[in-house]
Amino acid sequence: MADSRAALRAFHAYARYVFNSIAKWNLLLAVLTPLVVISAYIALYIPSTSLLLSILATLTGIAYYLLTIVAVYYFTLDFSRGTHLVFLSQPLTRRGYALAWMLASAVVPALAYVLSLAVPFLVLDARALLYLGLEEYALLFLEGFTLTMMMFSAGLALRRPSLVILLGLVLHLLLPTAVGAVYSIMVYSGRPWLSMYADAVAFVSYLLYPYRSKLIGVQYSSFGVYSSAALAAALVVASLEYARRRLEVSG
């Protein structure tokens, strides 16, 4: 019991350190949220200006993607500096070490991003929130969490900060554009041999980008969405188990 309490105190202390180390990046979302609130109010009562909300929501999304990349970058930076050895020599467990960074880089930013878009409508007019659909917010959280867990798992295994930045840019910028372009070509090319593979591309699209895929009109793939949730859960379990087995305790 005493060991469990010591481990819990160590986890709490380290989690505070982790959140404080990336706190300044969380300010990006905090600064943009009031703008989204104002634009949501305008969009609700002056529909012709709803484009403003889309623009600011996009800016919030960019800030969110940047936050997740930076958070995982700081996580891998711990390995290159050897800082993780200092903390792992304390009562902090290996799983606790990985879980603290997982919460800071994947769970909390995803929730903050979704809430930054949902709360304005909830405050101004709850009916608008229901009109937009709770499913969209769930898909938004799932997409952000899954992509960040992919970066987190890669960072945990490879421990290369530069590779994390590269992977983040590929996942958030290059790959969604490429998948969307391939799907459009297959659907609208008029060539039967290409359209045969459209469902497979739709599955991959919803596996990685369940929210953006629905937003751009990719044929809905419920199997892809469920697979995305399964992938996220598998990455969480695999990352914690990898941390328990492979993280060094001494130099």
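Visitor: Of the contacts in the protein with a separation of 6 or more, what share comes from residues 24 or more positions apart?
Guide: That share is 75%. The model is a predicted one. A contact here needs heavy atoms within 4.5 Å.

Visitor: What makes up the pattern along the sequence?
Guide: The pattern reads α-α-α-α-α-α-α-α-α-α-α-α. The protein has twelve helices and zero strands.

Visitor: What percentage of the residues in the protein is buried?
Guide: Buried residues account for 43% of the 251. The word requires under 20% relative accessible area.

Visitor: Why are Phe 75 and Phe 152 called an aromatic pair, and what kind is it?
Guide: Their ring centres lie 4.5 Å apart. The limit for a pair is 6.5 Å, so they qualify.

Visitor: What kind of pair do Phe 79 and Tyr 97 form, and how do you know?
Guide: The centre-to-centre value is 6.1 Å, and the planes stand at 70°. The pair limit is 6.5 Å, and edge-to-face needs over 60 degrees. Both tests are passed, so the pair is edge-to-face.

Visitor: Why does the pair of Phe 79 and Tyr 97 tie parts together?
Guide: Phe 79 belongs to helix H3 and Tyr 97 to helix H5 (residues 94-124), so the pair joins parts 18 residues apart in sequence.

Visitor: Are Phe 79 and Tyr 97 buried or exposed, and how do you know?
Guide: Phe 79 has a relative accessible area of 9%. For Tyr 97 the value is 0%. The cut-off for buried is under 20%, so both count as buried.

Visitor: How many aromatic pairs are there in the whole structure, and which residues do ring pairs link into a cluster?
Guide: The search of the whole structure finds ten aromatic pairs. The cluster consists of Phe 75, Phe 79, Tyr 97, Trp 101 and Phe 152.

Visitor: What makes you say that the charged end of Arg 159 sits over the ring of Phe 79?
Guide: The charged end is 4.9 Å from the ring centre.

Visitor: What phi does Arg 159 have, and where is its place?
Guide: Arg 159 has a positive phi of about 60°, although it is not a glycine. Most residues other than glycine have a negative phi. Arg 159 is in the loop between H7 and helix H8 (161-188).

Visitor: Why does Arg 159 count as buried?
Guide: Its relative accessibility is 18%. Buried means under 20%, so Arg 159 is buried.

Visitor: Why is Leu 99 called partly exposed?
Guide: Leu 99 has a relative accessible area of 31%. Buried is under 20% and exposed is over 50%, so 31% falls in between. Leu 99 lies in helix H5. Leaving out residues up to four places away, Leu 99 touches Phe 11 and Leu 240.

Visitor: What does Thr 148 contact, leaving aside its neighbours within four places in sequence?
Guide: Thr 148 contacts Tyr 64, Thr 68, Val 72, Ser 105 and Ala 106. Thr 148 is in helix H7. Its relative accessible area is 0%, so it counts as buried.

Visitor: Is Ile 69 buried or exposed, and how do you know?
Guide: Ile 69 has a relative accessible area of 10%. That is under 20%, so Ile 69 is buried. Its place is in helix H3. Beyond residues up to four places away, its contacts include Met 151, Val 164 and His 172.

Visitor: How many cavities of 30 Å³ or more are there, and what space lies in the largest?
Guide: The count is one. The largest cavity holds about 40 Å³. A cavity is space where a 1.4 Å probe fits but cannot get out.

Visitor: Which residues line the largest cavity?
Guide: The lining consists of Tyr 64, Tyr 65, Tyr 113, Leu 140, Glu 143, Gly 144 and Tyr 211. Helix H3 (50-81) and helix H7 (134-158) each give two or more residues. H7 gives the largest share, three residues.

Visitor: How does that lining divide into nonpolar, polar and charged?
Guide: Five residues are nonpolar, one is polar and one is charged. Tyr and Leu count as nonpolar, Glu as charged and Gly as polar.

Terms used
Residues numbered from 1 in each chain as written. Predicted model: local features only at pLDDT ≥ 70, side-chain atom pairs only at ≥ 80, totals over all residues. Heavy atoms only, no water. 1 Å grid on protein atoms, 1.4 Å probe; cavity = no way out; pocket = protein on both sides within 12 Å on 5 of 7 lines; lining within 4 Å. Points joined across faces, edges and corners; volume = space filled by probe spheres on them. Helix = DSSP H or I, 4+ residues; strand = E, 2+ residues; numbered from the N terminus. Phe/Tyr/Trp six-rings, centres within 6.5 Å; stacked < 30°, edge-to-face > 60°. Buried < 20%, exposed > 50% of the residue type's maximum accessible area, 1.4 Å probe, protein only. Lys NZ or Arg CZ within 6 Å of the ring centre and 35° of its normal.
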